[in-house]
Each structure stands twice: as structure tokens, then as C-alpha cells.
Amino acid sequence: MLAISGDSPFCHTAFAQAQQFPFPLLSDTHRKVIRAYDVLDEERNVAYRSTFIVDREGTLRWGQTGDRDMVREGSEILRILDLISTLRRRAS
């Protein structure tokens with residue numbers, strides 16, 4: 001699991017420590033990834049709150065994007081991850 005935002009690495013370090021995240025926070029200060037996923041609010045130069053699930057082959061399997069006030073539901077993300085895992089096991 002990775003998290004990406006347009007904030008600086010310095011901001012990420014402080015935020016990750018405060019939240020005790022067990023995963024890396026990547027800095028996209030030049031907005032390359034944010035633009036590639038088409039989630040940049042150009043007017044405000046910030047990313048929309050988004051969650052993407054990309055499999056090991058680099059295929060986008062699921063995505064959710066909303067405005068900055070939108071709260072993402074963690075249980076829905078876990079449900080999707082479980083579904084993808086189940087489908088992967090069936091295919092092998």
C-alpha cells in the first residue's frame with residue numbers, strides 16, 4: 001500500500017508519524033501522478049480525495065474519486081480488495 005499527495009516529503013514525515021501509518025507516503029509535488037490519474041483540481045492545484053487499487057501487473061482494478069470533503073469508507077475498500085483476491089485465487 002502506498003499513499004501519494006502533492007505535499008512535501010517534510011509534511012509527509014510529520015503526518016505519517018502523527019498518524020502512525022504503516023505504509024509509505026509518496027510526494028508528488030510536481031503533480032505528475034495526480035495528473036496521470038486525472039484527479040487534479042487545476043483551479044486550486046490540489047488533488048481530489050481519491051483511492052485507487054492497482055494490481056501487481058499495474059492494472060487499475062478499482063477507483064473512487066471525490067471532493068476534498070468526501071470521507072472514504074475503509075470497509076468498502078477492504079471489501080473490494082477481498083473480492084479481487086477471491087477472483088485471483090479462482091483464476092489460478
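Arg44 pairs with Asp41 in a salt bridge whose closest N and O atoms lie 2.7 Å apart; a salt bridge here is a side-chain nitrogen of Lys or Arg within 4 Å of a carboxyl oxygen of Asp or Glu. The model is a predicted one, in which local features need pLDDT of at least 70 and side-chain atom pairs count only at pLDDT 80 or more, while totals for chains, interfaces and linings use all residues. Residues are numbered from 1 along each chain as its sequence is written, and side-chain values use heavy atoms, with hydrogens and water left out.

Five salt bridges are present in the structure. Side chains of opposite charge can pair when their charged atoms come close. In the Arg44 pair, Arg44 is partly exposed at 45% relative accessibility, whereas Asp41 is buried at 11% (buried, under 20% relative accessible area; exposed, over 50%; partly exposed, in between; 1.4 Å probe, protein chains only). Another of the salt bridges joins Arg61 to Asp55, at 3.6 Å from N to O. Arg61 is partly exposed, with a relative accessible area of 38%, and Asp55 is buried, at 15%.

Within helix α3, Glu76 and Arg79 are three residues apart, so about one helical turn separates them. Their salt bridge has its closest N and O atoms 3.0 Å apart. Glu76 is partly exposed at 27% relative accessibility, as is Arg79 at 46%.

Leaving aside neighbours within four places in sequence, Trp62 is in contact (heavy atoms within 4.5 Å) with Thr51, Phe52, Ile53, Glu76, Ile77 and Ile80. Thr51 belongs to strand β5, residues 49-54, and is buried, with a relative accessible area of 14%. With neighbours within four places again set aside, the contacts of Thr51 are Trp62, Gly63, Gln64, Arg72 and Ile77.

At the surface, Leu2 lies in the segment before β1 (3-5) and is exposed, with a relative accessible area of 56%.

Definitions and conventions
Helices (H or I, at least four residues) and strands (E, at least two) are DSSP runs, numbered from the N terminus.
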